[in-house]
2 protein chains.
Amino acid sequence: MFCLKLNIKTMKQTLYILSLLLFFGCKTEKKASEIIKQNEFAIIIHGGAGTILKKNLTPEKEAAYKAKLEEAIRIGHTILKNGGTSGDAVVKTIQVMEESPLFNAGKGAVFTNDETNELDASFMDGKTLNAGAVAGVKDIKSPIEAARTVMTDSEHVMLSGKGASIFAKEKGLEIVDPSYFYTERRFKSLQRIKDKEKTELDHDEDKKVAFYDADIKNAKFGTVGCVALDKNGNISAGTSTGGMTNKRWGRIGDSPIIGSGTYANNLTCGVSSTGWGEYFIRAQVAYDISAQMEYQHKSLKEATKDVIQNKLTKLGGTGGVVALDKNGNMSFEFNTAGMYRASMNDKGTLIVKIYKD
Amino acid sequence: MFCLKLNIKTMKQTLYILSLLLFFGCKTEKKASEIIKQNEFAIIIHGGAGTILKKNLTPEKEAAYKAKLEEAIRIGHTILKNGGTSGDAVVKTIQVMEESPLFNAGKGAVFTNDETNELDASFMDGKTLNAGAVAGVKDIKSPIEAARTVMTDSEHVMLSGKGASIFAKEKGLEIVDPSYFYTERRFKSLQRIKDKEKTELDHDEDKKVAFYDADIKNAKFGTVGCVALDKNGNISAGTSTGGMTNKRWGRIGDSPIIGSGTYANNLTCGVSSTGWGEYFIRAQVAYDISAQMEYQHKSLKEATKDVIQNKLTKLGGTGGVVALDKNGNMSFEFNTAGMYRASMNDKGTLIVKIYKD
C-alpha cells in the first residue's frame with residue numbers, strides 16, 4: 001500500500017511532478033492514436049539521391065527529370081484513384097522510370113567493371129509481409145516486375161543471376177538482349193571512372209575512387225523507387241537499380257535487400273531507399289523506420305528523420321528515402337544535396353522536387 | 001500550475017494511481033539499466049533447426065553431432081579466453097562446422113536442382129556495424145572467412161557468384177574444386193526429392209515438396225552459425241549455409257542477408273538465424289531482436305521469444321536463432337522440434353543440446 005505521510009503541500013507537489021513525469025515520460029506511447037488519416041490513398045517516388053546541385057543541371061535537363069517524375073507518378077496515381085492496388089501502382093510507376101535513360105534502373109543502368117549492366121530490384125506487400133527480389137540480372141526488361149513475380153509466383157523471396165532470368169522467362173516476363181540497357185552516357189561514365197582509377201592507383205585511394213566524381217556519385221545514387229497506399233489501406237513498396245558504376249565481384253547493394261532497400265507493412269509504413277547501398281544495409285534503413293514507428297510510436301516524419309539524419313549519417317552513409325504511412329502521411333528524407341522526388345495525395349496535389357527545400 | 005481542489009483522501013488515491021501508472025506504464029524503460037553483467041565473454045552456436053526427433057537419430061549419430069558441436073565451440077571459447085577477438089572466435093568456430101559433413105554448410109552442403117553446391121554466408125561486427133557476405137559461391141572453401149574478408153578488405157557488404165570467387169582468390173583465400181563439397185548423403189537427398197517431385201507433380205503440390213520429407217526438412221535447416229562476446233565487449237555474429245536442397249533459379253535465402261540471417265550490435269546483441277529463409281527475411285528476424293531490445297528495452301530472452309514464437313510463427317515460418325547480448329546473456333529460441341546447439345560461458349560451463357528441453 002501507498003502509505004507515506006505527507007502534508008498537503010508536499011502531496012500537491014508530488015502529484016504535480018508525478019503528473020508531469022507520466023505525461024512526458026510516456027508521451028511517445030500516445031502518439032499513434034493521435035494521428036489522423038491524411039489521405040485515403042497516396043503515392044510517393046524517388047529517382048535517386050546524390051550531390052545534385054542546381055549549378056550542375058541545365059534547365060533542359062531539370063525540366064526533363066521533372067517531366068518524367070510527373071509522368072511516372074501520374075500513372076500510379078490514376079491506378080489508385082480508380083481503386084487499383086498499391087502493388088500495381090508501384091510496379092507501373094517504377095516501369096516508367098526503368099524505361100527512361102534518365103535514371104539508373106532498367107534502360108539507363110550504370111555499367112559494371114566488366115562493361116555489362118547488372119540489375120537489382122525488390123518489392124514488398126505490406127498486407128501479407130510477402131516480398132520478392134532479383135539480384136544481378138542482365139536480360140530481364142523490367143526488374144521490378146520480376147521482383148513482384150518472384151513474390152507472387154514462387155515460394156522464394158530472392159532469386160539471382162542466370163537463375164532469376166530462367167525463372168522470369170518461365171513466367172512469361174519480357175527478356176531483352178543485354179544491349180537494350182546500353183546508354184552512351186553511362187558507358188562514358190564507366191570509361192571516365194576507369195581512367196581515374198589508372199591515374200590514382202598510386203595514391204592508395206583506389207577503393208574510394210567511385211565516390212570522387214559528383215556525376216558518378218549521382219549515377220551511383222540513381223536508383224528509383226515507389227511507395228503507394230491504396231483505398232483498401234494496403235501499402236506496397238518497390239525499388240529498382242543498376243547499382244554502382246564500375247561495380248565488380250558480383251556486388252549486391254541494398255536495393256534487392258528486404259529491410260534495407262525496401263520494406264512495407266500495413267501496420268506501420270512503406271519505404272524505398274536510395275543511396276550508398278552498403279551503409280543502407282548496415283543501418284537496416286527501411287525496416288528501422290518501421291521498427292521505430294512500431295516500437296517507439298514515432299510518427300513517420302520522426303522515424304525517417306532519425307534513421308537518415310542521425311543513424312545513417314553517424315555511420316557515414318549518404319542517400320535518402322521516400323516513405324508513406326498507413327494514414328497516408330508522406331515523407332521525403334535525405335542527407336545529400338538533392339533527391340529526384342515526387343508525391344501525390346488523394347486530392348491530386350502534386351509535388352515534384354529535385355534540390356533541398 | 002496544478003490547482004485542483006482535492007480532499008486528502010482523493011489526493012492520496014490519485015497519488016497512488018499515478019504512481020502505479022508511472023511504475024507499470026514506463027516499466028520497460030528501466031529494464032536496460034537493471035541488467036547485470038552475466039559473463040565477461042561467451043559463445044553460442046547452432047548447427048541448424050528442424051524436425052529433429054530423438055526417434056529419428058541413432059545414438060551414434062546423436063553422439064557425433066554433440067561431439068562436433070563441442071569441438072567447434074571449444075575452439076572459439078579458447079580464443080575468447082585467451083583474449084582473442086569475437087570475430088576470430090566466430091570464424092574459427094564456424095569453420096569446424098563448415099568442414100564437417102554433418103552440417104549443411106561448406107562440406108556437407110545440400111545440392112541445388114542443377115546438382116551443384118551453392119554456398120552463402122554472412123558476418124557482422126557489432127563494434128563498427130560493418131558487415132560482409134557472399135551469396136551463391138561454388139568454390140570458396142570457407143564461405144564464412146570469405147564473408148568476413150568482404151567486410152575487412154572491400155568497401156562492399158555483399159558479393160555474389162563468380163565475382164565473389166574472383167574476389168576471394170585475389171585476397172588469397174583457399175579455392176577448392178567444387179567436388180570438395182560433394183557428400184553422398186546430400187546427393188541422395190537431392191535424388192529423393194527429385195523423385196518425389198516427379199510423382200507428385202500431378203497433385204499441384206510441387207511448390208511445397210521440399211518441405212514434406214522430415215529428413216529433407218532437416219537438411220534444409222542445417223545452416224550453422226555462431227555469436228560471440230569477447231573480453232573487450234565486442235560482439236560478432238556469423239552464419240554459413242548450403243541453402244535449400246533442390247533450390248533453383250539462383251535462390252538466395254536469409255543466411256547471407258544482414259538483418260535477416262545475421263546481425264550484431266555492441267549496444268544490444270548478436271544473432272544468427274537458421275530456418276526457412278524466406279520467412280526469416282520477411283520477418284527481419286535478426287535485426288528485429290536488436291530493435292526490440294533497443295526500442296522496447298526488452299531483455300534478450302523477451303526479444304528472441306517474441307520474434308520467434310510470436311512474429312515468425314504467426315507469419316508461418318519455422319526455425320530458430322542463437323543470440324547473445326552485451327552482458328553475456330545467451331538465448332536459444334526455436335519453434336521446431338529441435339535445434340543442434342551449444343553454448344559456453346566465461347566459467348567454461350558447456351551446454352550441448354539437440355531436442356527441446
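A pocket here is an open set of grid points with protein on both sides within 12 Å along at least five of seven lines. Keep in mind that this is a predicted model. Its largest pocket has a volume of about 1,300 Å³.

So what lines that pocket? There are 46 lining residues, and those nearest the centre are Gly161(A), Lys162(A), Ser160(B), Gly161(B) and Lys162(B). Strand S3 (130-137), helix H6 (161-170) and strand S7 (251-252) of chain A each give two or more residues to the lining, and so do S3 (130-137), H6 (161-170) and S7 (251-252) of chain B. H6(A) provides the largest share, with six residues. By class, the lining has 18 charged, 18 polar and 10 nonpolar residues.

Now for the helices. Two packed helices are described by the angle between their axes and the distance between the axes. In chain A, look at H3 (residues 59-81) and H4 (residues 86-98): their axes cross at roughly 160° and come within 8 Å. Angles over 145 degrees count as roughly antiparallel, so that is what H3(A) and H4(A) are to each other. Their crossing is right-handed. Among the residues making the contact are Leu69(A) and Ile73(A) of H3(A), and Ala89(A) and Val96(A) of H4(A). In total, nine nonpolar, three polar and four charged residues take part in this contact.

Over in chain B, H4 (residues 86-98) packs with H5 (residues 143-153) at an angle of about 150°, with the axes 8 Å apart. H4(B) and H5(B) are therefore roughly antiparallel too. Their contact includes Val91(B) from H4(B) and Arg148(B) from H5(B).

Notes: Residues are numbered from 1 along each chain as its sequence is written. Chains are lettered from A and ligands numbered from 1 in the order in which they are written. This is a predicted model: local features need pLDDT of at least 70, side-chain atom pairs count only at pLDDT 80 or more; totals for chains, interfaces and linings use all residues. Side-chain values use heavy atoms; hydrogens and water are left out. On a 1 Å grid over the protein atoms alone, a cavity is a set of points where a 1.4 Å probe fits but cannot get out, and a pocket is an open set with protein on both sides within 12 Å along at least five of seven lines; lining residues have an atom within 4 Å of a point. Grid points are joined across faces, edges and corners, and a volume is the space filled by probe spheres set on the points. Helices (H or I, at least four residues) and strands (E, at least two) are DSSP runs, numbered from the N terminus. Ala, Val, Leu, Ile, Met, Phe, Trp, Tyr, Cys and Pro count as nonpolar, Asp, Glu, Lys and Arg as charged, and the others, Gly among them, as polar. Axes are lines fitted to C-alpha atoms, for helices over the stretch in contact, and angles run from 0 to 180 degrees between N-to-C directions. Angles under 35 degrees count as roughly parallel, over 145 as roughly antiparallel, 65 to 115 as roughly perpendicular and the rest as oblique. Contact means heavy atoms within 4.5 Å. A crossing is left-handed if the near helix is turned anticlockwise from the far one by less than a right angle, and right-handed if clockwise.
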